[in-house]
Amino acid sequence: MSGTKVLRSLLHELRQASPNGCIKDSLAARYVLAQYKKFATTEQQVCKARNEATFLGQTYLTYLASQRQYLELYKEFHGRGERSVRDTADLVGFKLPTDPK
Amino acid sequence: MSGKLLMNALRALRVSHSSQWQVPAATIRIPVRHYASPPKRFYKKTSVLTGDGGYEVVLDHRKLKTPKGAPFVVRSEPLAIAVATEFDAQKEHIERSRMHLSALCFTAIDNPNHLSKLDMVNYLLNYIATDTVLYQYDDEKALHELQINEWDPVIEWFNQRFEINLQKTMSITPPKVSDEDKMKVAKHFQSYSLETLHGFIFAVDTLKSIVLACAVIEQMLTVEKAVALARLEEEYQMKFWGRVEWAHDLSQQELQARLAAAVLFVHFNCSENCVKHKSIL
């Protein structure tokens, strides 16, 4: 993944992780942007630290994305106790006696 | 059977309340499991403070503390920011079991098992003989081919990196690791600080492989690739038996999150040398 793509995805994940969906005053977003500015290479210069920075950015992206996806799966499949009669009927496509025909 | 249990329970109650003996039938309840509910999110904003000892995380105006009560202080700024972001990402409750990065920092600060550097290096060394990628299986041709294509380059890289000679095994007998090789690997791990080794152990425990853990920490593999290699046989079998979202995907995402946390932790803890690199440039 290229640096720009990682940056865009990182900001996207940070936005999703923040409680109000806004990263205007998010510390992490500010830090990531500052790092990108710091390690920006000019012209064709080879910069070793940039590879490392991209790797770290990618790793943090994986961290945020995996946690979000884990939570989504957990919410969908975690047991919530016994199903009600209506839920079971919906599951197998039956109607309750009280439902209109 | 249940009648006997009930009688025993009643007898126990009678002994404890012998003076005022009365048990109304309604008080005997069906056992219900009571889980401790996670603490509510009691803060609105998180931020990072710079002190003389390092960086601290602040929840509103309260300073974050570790489970043992020690103040939370880390030397790396991005680590503190990541922990603050993680606390900020909690919705209504603080789900501590899912905050791997914070948990890792807490473990490193508190060191609840009182591990010394030597204990940790020994733990890592003992892992070599049971490393996932060293146990291959040649009864099933397709799987073995996959293992040769995917695992062997990583083993080769590991051997070159540490100038040792690890051999894979095809049976249940563990591969022989010479003392000389162990010394070389031990020397490498001894050079890290105590906190960083916590990160290494977390990564090795996640992947069940020291070879893969070193490869991903030294940026030879990405996190996703390393997790895929650690679950190589599972992925292979899934082709025949199907993929179950709530088991396979869930474990994959969890392993990725754990490994990414460990890699970030290790890198942030020894980031001083990269800062020096930059100033030279």
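The questions below go from a helix to the core, the domains and the chain contacts.

Biologist: Where does this structure come from, and what is the average pLDDT of chain A?

Modeller: It is a predicted model. Chain A averages a pLDDT of 85, and 89% of the residues score at least 70. Among the elements of chain A, helix H1 (residues 3-17) has the highest mean, 91. H2(A) has the lowest, 87.

Biologist: What makes H2(B) largely enclosed by the rest of the structure?

Modeller: A residue is buried if 20 or more other C-beta atoms lie within 10 Å of its own. In H2(B), 10 of the 12 residues are buried, so the helix is largely enclosed. Among them are Pro78(B), Leu79(B), Ile81(B) and Val83(B). Glu86(B) and Asp88(B) are buried too.

Biologist: Why is one set of residues called a nonpolar core?

Modeller: The name needs buried residues of the listed nonpolar kinds, joined through C-beta atoms within 7 Å. The largest such set has 77 residues. Those with the most contacts inside it include Ala203(B), Leu212(B) and Val263(B). Helix H11 (residues 245-269) of chain B gives the largest share, 11 residues.

Biologist: How do you know that this core lies between two domains of chain B?

Modeller: Domain 1 (46-98) and domain 2 (117-280) both give residues to the core, so it lies between them. The C-alpha centres of these domains of chain B lie 29 Å apart. In chain B, 4 residues of domain 1 are in contact with 4 residues of domain 2. On the domain 1 side, 3 are nonpolar, 1 is polar and none is charged.

Biologist: What makes Thr59(A) a contact of Val263(B)?

Modeller: Contact needs C-beta atoms within 7 Å. Thr59(A) and Val263(B) are in contact. Val263(B) also contacts Ala203(B), Val216(B), Ile217(B) and Val223(B), leaving aside neighbours within four places in sequence.

Biologist: How many residues of each chain are in contact with the other, and which helix of chain A gives the most?

Modeller: 21 residues of chain A are in contact with 31 residues of chain B. H3(A) gives the most to the chain A side, with 15 residues. By class, that side has 13 nonpolar, 7 polar and 1 charged.

How values were computed:
Residues numbered from 1 in each chain as written. Chains lettered and ligands numbered in written order. Predicted model: local features only at pLDDT ≥ 70, side-chain atom pairs only at ≥ 80, totals over all residues. Helix = DSSP H or I, 4+ residues; strand = E, 2+ residues; numbered from the N terminus. Contact = placed C-beta atoms within 7 Å. Nonpolar A, V, L, I, M, F, W, Y, C, P; charged D, E, K, R; others polar. Domains from an automatic or database assignment. pLDDT = per-residue confidence, 0-100.
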